[in-house]
Amino acid sequence: MQGKLNLDDTKPNDKYFVAFSNLFINSPYFKTKIFEFFDCDIKRVFAADKSDLAEFCGKYKNAGTPRNFLNEIKKIDIDKVYDDTIKNSKFITVENELYPEILKTIEDYPLLLYYKGNFSGINFDRTLAVVGSRNATSSARQNTSNIISGFKDTDVVIVSGLASGIDTVSHISAIENNIKTVAVIGSGFKYVYPSQNKKLYEEIEEKGLILSEYPYNLSPMPVNFPQRNRIVTGLSKGVLIAEAKMKSGAMISAKAALEQGRELMCIPGLITNPNCEGIYHLIKNGAGIVTGTDDILNIMNWDINCTAENNTVLNGIEKDIFEVISYGEISIEGLQQKFDVGINELMVKLTQMELNGLIVQKNGLYYITGI
């Protein structure tokens, strides 16, 4: 029998999940597969013996079983690790109802996620990962910001990695446009990395959600970030890339997205820009081209729910008007050309949307509020 248990062991499963997360094993795939090998019973992992491990290695030849694994799981003080953890960390396990179902669809899903912030209002059915170069051009930053602003006041959720460059722009744009954002970090919560994002980190904690698979004291080591990327894409229905060199973290995310069956999209840029080499490679191989918010809506087949801060829900022509204006400023004449309605009815709709704080008129043009 795999994983012989002491039937008198009454410790809750959470203690074992926390202890397992504190075993720094370089392969998330190993952790997931040995958990599944023992029929998703975390206690049986800790009761494993040499014969179990030999059987596991025969079944999962690519799992990379760590040396001294059995010794490590037997010597860890499960109660102490758990008591130390709950002093400074909140977490959910794969058994928790808050654990995102979409993340369970990837092959190497994390068994435990530490978190700050709140899961409330996070619609994991409308998640868009936005990633790209840390040294992004001003054009890429502006394009990313403009595209995200088109989701203003909707239930779309922007997922990224809280790194400098495109990640930072993505989180800021989400917050500025009243949409939820999820940051997945590559360290424990003891560290804010990069340090210049401390204020942004605090804003996301207040208004969104920060996730990490790493225990509190683990520093931001280079190996963590490629592993982190699989969670960014794994949480997302679609993945948008804004500038990426051929060898870059963004391209690692693109590869993960394809392996996970996620919809991959790219923002095109200057062909002379080295940061766009990866972009055009992905486009040539079938990635969707995104130059505006509508492209994402069409590719993802999303019919977004536009909701103002005052809980005004848009339907019918008001929703259509909002989506047109989200794409860029437009005059009333331009709106008339797009919609088969009289000028009086159009004026009434626009006035009502202004009163609800959804749009604003400047110099004869209509804009989304805050842009």
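**First stop: E243**

Select E243: with a relative accessible area of 4%, this glutamate is buried (buried means under 20% relative accessible area, exposed over 50%, partly exposed in between, with a 1.4 Å probe and protein chains only). A word on what you're looking at: this is a predicted model, where local features need pLDDT of at least 70, side-chain atom pairs count only at pLDDT 80 or more, and totals for chains, interfaces and linings use all residues. Residues are numbered from 1 along each chain as its sequence is written, and side-chain values use heavy atoms, with hydrogens and water left out.

E243 sits in the loop between β7 (238–242) and α11 (249–259). Helices (H or I, at least four residues) and strands (E, at least two) are DSSP runs, numbered from the N terminus.

Now show the side chains around E243. Which side chains make polar contacts with the side chain of E243? One is N273, at 2.8 Å, and another is N275, at 3.3 Å. A polar contact here is a pair of N or O atoms within 3.5 Å; within protein, one must be able to donate a hydrogen and the other to accept it, and residues adjacent in sequence count only if both atoms are side-chain atoms.

Not counting residues up to four places away in sequence, E243 touches G132, S133, N135, A136, T137, A140, A250, N273, N275, C276 and I279. For a sense of scale, draw a distance from E243 to N356: 113 residues apart in sequence, they are 36 Å apart in space, C-alpha to C-alpha.

**Next: T293**

Jump to T293, in helix α13 (residues 293–300). Its relative accessibility is 4%, so T293 counts as buried. Look for the backbone oxygen of I147: a polar atom of the T293 side chain lies 2.7 Å from that oxygen. I147 is also one of the contacts of T293, along with N146, G150, F151 and Y327, once neighbours within four places in sequence are left aside.

**Over to strand β5**

Select V184, in strand β5. Is V184 buried or exposed? At 1% relative accessibility, it counts as buried. Leaving aside neighbours within four places in sequence, V184 is in contact with V159, S160, G161, L211, R228, I231, V232 and L235. Then try a distance to I368: the two C-alpha atoms are separated by 29 Å, for residues 184 apart along the chain.

Colour residues 28–37, helix α2. How many of its 10 residues are buried? The count is 8, and the helix is mostly covered. Pick them out as P28, F30, K31, T32, K33, I34, F35 and F37. Bring in the partners, too: these buried residues pack against α1 (13–21), α3 (42–46), α4 (50–59), α5 (69–75) and α10 (224–234). Following α2 comes D39, with a positive phi near 55 degrees.

Switch to a backbone view. Most residues other than glycine have a negative phi, and most peptide bonds are trans. Select N68, in the loop between α4 and α5: its phi is positive, near 60 degrees. Move on to N178, in the loop between α8 (166–176) and β5. N178 isn't a glycine either, yet its phi is positive at about 60 degrees. With a relative accessible area of 33%, N178 is partly exposed.

Then find P194, in the loop between β5 (181–184) and α9 (198–207). The peptide bond leading from Y193 to P194 is cis, with omega near -5 degrees.

**Zoom out**

Finish with the whole chain in cartoon: the secondary structure comes to 16 helices and 12 strands. The radius of gyration is 23 Å, close to the 21 Å that the globule rule gives for 371 residues, so the chain is as compact as a globular protein of that length. That radius is taken over C-alpha atoms, and the rule is 2.2 Å times the number of residues to the power 0.38. Along its principal axes, the C-alpha trace spans about 80 × 45 × 35 Å.

Colour by burial and you'll find that buried residues make up 54% of the 371. Among contacts between residues at least 6 apart in sequence, 71% join residues at least 24 apart.

Notes. Contact means heavy atoms within 4.5 Å.
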